[in-house]
Amino acid sequence: MNSNSITNAPYPRLVVDLKKLRHNIDVVLDNCSQANISVCGAIKGFNGLPKAVEEFAEAGFSQLGTSRMRTIKELTMLGIQAKYLLLRVPMLSEADDVVKYANVSLNSDIQVIRALNDAAAKAGTSHEVILMSDLGDLREGFWDQEELLDCAEVVEKELDNIVLKGVGTNLGCYGSIKPTVTKMNELISIAELVEKRIGRRLEIISGGATSSYVLVLNQSMPERINHLRIGEGILNNYDLPEIWGLDIENMYQDVFTFEAEVIEVRDKPSHPVGEICIDSFGRKPEYTDRGIRRRALLAAGKLDFALNDKIFPQMEGATVIGSSSDHMILDIEDSKEEVKVGDIVTFHVSYPSMMYLSNDKYVNVIYNL
Ligand SMILES: *Cc1c(COP(=O)(O)O)cnc(C)c1O
């Protein structure tokens, strides 16, 4: 339980520790630079909270990446200077903003790239693109290799205001496909076909996100992969140890923490009493009868953190047993601390909850400098 109150802003709060963030950033950049890989720092997981973005902007990323133009626009308006990379394939309708505010974008559609070219010509500027190849994860990217090669040729020879920077791929998002050396080599051979077609070397071969960073950590990343786009592995670090079994002892998992206030403490049955119907989200959960247990009710809910199994109470013996939109229930029967109304409970959060909490008007964001 907490807390070193930094200000007296009301609860619930999302606390961002900027020193820990910078530490994590520096470790990832260092590991990647040893493998000759430049990094796009992905800031979308925390919705581009400006003070945290400033840490990114000072750190030595080749670009800062986010999926939403609006974030890039707002950060630009705030004067946070960086090379911005639009991570989501641009909408046709946002071409003007893309060339105005983003330096580079990931692309998979020639019609969109032509629109970017027109918009860039109109604005008297140029825009860089990375062509995405879908290697089986089945989200964005060219599926047909010939189509990608033709697109590359058009960009190179016909579109005067578009610069073809390279090729990239994304894995482990929709199709849960694991980035492997084989997948990376597939991407490299596509890059080499593009190079043959356009008669020059590509500057960027972008091998993916945090899940591809795993290959850097276990030193198996093929040499020609020279760019990654990393968010989770800097911000939360839950995937690397839990899914990939990697040692990340030198990384903080508590750059982002969540604080919520206790509004009721009581002994109650652990199994609901009466006829079981559905919960507030229309589901029918299973309840285990563990007898009467001590519980704390907290003033925060799914509206804030989305998934109650993706936030982790930092009070020994406490477990989250459920939540509705505005309430969370903690089992504190085994907690050694005495919990009372008005106490603050601190949670570590993983990526999905960080994403919601940082975009939540009911949550106050506090920076730990
Ligand atoms: C979000 C995103 C990333 C960063 O993903 P992490 O898993 O947070 O590292 C990289 N590339 C694309 C295209 C993305 O949308």
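## Strand E3 and its crossovers

A right-handed β-α-β unit is formed by E2, helix H2 (residues 50-57) and E3, where right-handed means that, with the strands pointing away from the viewer, the path from the first strand over the helix to the second runs clockwise. From E3 the chain crosses through helix H3 (residues 69-77) to E4, and this β-α-β crossover is right-handed. Helices (H or I, at least four residues) and strands (E, at least two) are DSSP runs numbered from the N terminus.

The model is a predicted one, in which local features need pLDDT of at least 70 and side-chain atom pairs count only at pLDDT 80 or more, while totals for chains, interfaces and linings use all residues. Residues are numbered from 1 along each chain as its sequence is written, and side-chain values use heavy atoms, with hydrogens and water left out.

## Pairing and burial

Strand E2 (residues 38-42) pairs with E3 in the parallel sense over 3 bridges, pairing requiring at least two DSSP bridges between the strands; glycine 41 stands opposite leucine 64 in E3. E3 and strand E4 (residues 84-86) also run parallel, joined by 3 bridges, and leucine 86 in E4 is the bridge partner of threonine 66.

Gln63 and Gly65 point one way from strand E3 (residues 63-66), Leu64 and Thr66 point the other way, and all are buried (under 20% relative accessible area, 1.4 Å probe, protein chains only).

## Ligand contacts

An oxygen atom of the ligand is 2.6 Å from an N or O atom in the side chain of lysine 44, and one is 2.5 Å from an N or O atom in the side chain of threonine 210.

Conventions: Buried means under 20% relative accessible area, exposed over 50%, partly exposed in between (1.4 Å probe, protein chains only). A polar contact is a pair of N or O atoms within 3.5 Å; within protein, one must be able to donate a hydrogen and the other to accept it, and residues adjacent in sequence count only if both atoms are side-chain atoms.
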